[in-house]
Amino acid sequence: MSKSSAVVAPGNGPGLTRVIIVGGGAAGITVAAELKRHMAGLDVAIVEPSEAHSYQPGWTLVGAGVFTRRQTERMERSLIPEGVTWIKAAVTAFDPDHNVVSLSDGRALGYDYLVACPGLKIDWDAIQGLKETLGKNGVCSNYRADTAEYTWRLIQGFQGGTALFSQPAMPIKCAGAPQKIMYMMADHLRRRGRLDSSKLKFCLAGEALFGVPFFVPPLQTAVDDYGIDVCYRHNLIAINGPAKAALFSVTDKDGVARDVEMRFDMIHVVPPQTGLDVVRESPLANAAGWIEVDQATLRHVRYENVFSLGDAASTTNAKTAAAVRLQSPVVVANLLAAMQGKAMPKSYDGYGSCPLTVALGKIVLAEFAYGGKVTPSFPLDPRVPRKSMWYLKTKFLPWLYWSHMLKGGTIDIRHRERGW
Ligand SMILES: Cc1cc2nc3c(=O)[nH]c(=O)nc-3n(C[C@H](O)[C@H](O)[C@H](O)COP(=O)(O)OP(=O)(O)OC[C@H]3O[C@@H](n4cnc5c(N)ncnc54)[C@H](O)[C@@H]3O)c2cc1C
């Protein structure tokens with residue numbers, strides 16, 4: 001795309017620097033609010049096509065019947081920070097060589113600085129037959145709000161039989177989510193005396209229960225306690241809902257793959273996840289399809305006026321809202337410094353967090369940074385399942401998200417590396 005007269009020029013008024021934020025999800029709203037708090041006169045616009053905004057970390061709780069779907073949703077309009085322009089469209093192309101993005105409504109938008117945070121693509125098409133059967137025939141997923149509601153209906157009605165839980169290759173949003181719902185279901189069945197007549201199987205593409213080895217023992221304890229079968233190197237490739245059959249590509253230790261069919265009464269599916277097509281096809285992407293930023297400064301490695309964070313970024317942290325909370329102040333401080341031609345003052349250490357719901361009312365709070373460093377916020381052994389962390393997940397973190405983070409708040413919950 002070349003810069004043409006159709007391009008809406010940067011700046012609403014003389015001398016105003018225009019920042020375009022692509023994506024009004026967790027990252028986009030937080031960065032916009034923080035930018036306005038630091039520099040009220042800045043011209044900030046968010047490009048976001050959706051009317052509704054979801055608190056995705058709550059979807060696991062919707063699937064377990066702890067939250068209603070309504071508790072996880074707000075109108076996007078109500079979250080756009082004061083003084084920020086909402087452009088209700090999707091970006092269809094990035095042209096960072098000309099500082100322009102193309103929009104789905106046909107316009108092209110010029111910018112001085114770009115914050116690209118449009119999230120990732122959940123590839124429902126990558127599993128053959130999934131789209132046709134998702135939301136019926138015992139096939140559910142907490143990776144969509146409506147089918148998370150269906151997860152809870154299936155759990156409530158489960159009278160025994162086989163329940164499968166799939167997990168694709170990494171990276172995915174919240175790497176713990178595929179197994180969190182499994183433990184919640186197992187606990188629910190045990191409380192109703194139905195666990196003994198049920199077979200739960202965790203079928204994962206990888207070779208470990210969790211990417212950070214420190215947190216594997218408490219998860220293994222949960223798996224053993226509920227009698228769950230764990231099937232490593234099992235990659236879900238097709239589903240036949242009416243026949244209640246799932247097809248896995250199973251790779252042996254020598255790398256030889258064969259297809260294995262498993263029957264189910266219920267299956268919780270997590271599809272593979274990639275960069276969005278619009279990102280993958282742009283000069284912003286790395287070879288893997290993620291927006292290529294410096295791991296510490298979150299500034300693009302080729303375009304100095306571009307920053308990225310959240311699920312879309314190439315950083316190797318856990319793709320979580322917890323990571324976004326820590327990345328946002330880094331992007332804002334570094335972006336403001338870039339405007340003044342100064343060195344980047346802040347760096348991100350790769351912090352992410354995964355509240356692993358090993359039972360109803362009990363959580364192992366996994367907090368970690370780049371390189372698998374264990375970096376808890378509290379001086380407590382994080383491997384121990386705790387009721388206090390359940391309250392953190394169900395009460396404090398939703399409040400923190402809606403009332404603090406998305407408003408550009410300044411509460412700093414310090415995490416640090418501790419030894420045990
Ligand atoms: C089931 C589940 C459980 C989770 N559990 C946890 C948890 O316990 N703890 C935790 O911290 N995190 C959890 N997460 C992850 C967390 O929700 C995400 O990491 C976080 O929302 C990422 O924020 P983001 O802004 O990068 O992406 P998103 O919040 O997904 O926002 C991206 C936005 O970009 C918009 N967009 C898409 N394409 C375009 C386009 N072309 N142009 C403009 N806008 C576009 C989308 O509409 C969306 O609003 C969970 C996620 C899921 C799905």
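This report describes the ligand site and the overall fold of a predicted model.

Residues are numbered from 1 along each chain as its sequence is written.

The protein chain has 9 helices and 24 strands (DSSP runs, H or I of at least four residues and E of at least two, numbered from the N terminus). Of its 420 residues, 56% are buried (under 20% relative accessible area, 1.4 Å probe, protein chains only). The C-alpha atoms fill a box of roughly 70 × 45 × 45 Å along the principal axes.

Around the ligand there are 35 residues, of which Ala27, Glu48, Val91, Asp311 and Ala322 come nearest (a residue is near if one of its heavy atoms lies within 4 Å). The shell divides into 19 nonpolar, 10 polar and 6 charged residues. Domain 1 (7–119 + 276–352) and domain 2 (124–273) both give residues to this shell, so the ligand lies between them; the bounds come from an automatic or database domain assignment.

| Residue | Distance to a ligand oxygen atom |
|---|---|
| Ala27 | 2.8 Å |
| Lys319 | 3.3 Å |
| Ala322 | 2.9 Å |

The protein covers 90% of the 1,000 Å² of accessible area that the ligand has on its own (Shrake-Rupley method, 1.4 Å probe). Elements giving two or more residues to the shell are α1 (26–38), α2 (59–63), α5 (177–191) and α8 (321–339); the largest share, 3 residues, comes from α8.

Notes
Predicted model: local features only at pLDDT ≥ 70, side-chain atom pairs only at ≥ 80, totals over all residues. Heavy atoms only, no water. Polar contact = N/O pair within 3.5 Å; in protein donor to acceptor, adjacent residues only side chain to side chain. Nonpolar A, V, L, I, M, F, W, Y, C, P; charged D, E, K, R; others polar. Buried < 20%, exposed > 50% of the residue type's maximum accessible area, 1.4 Å probe, protein only.
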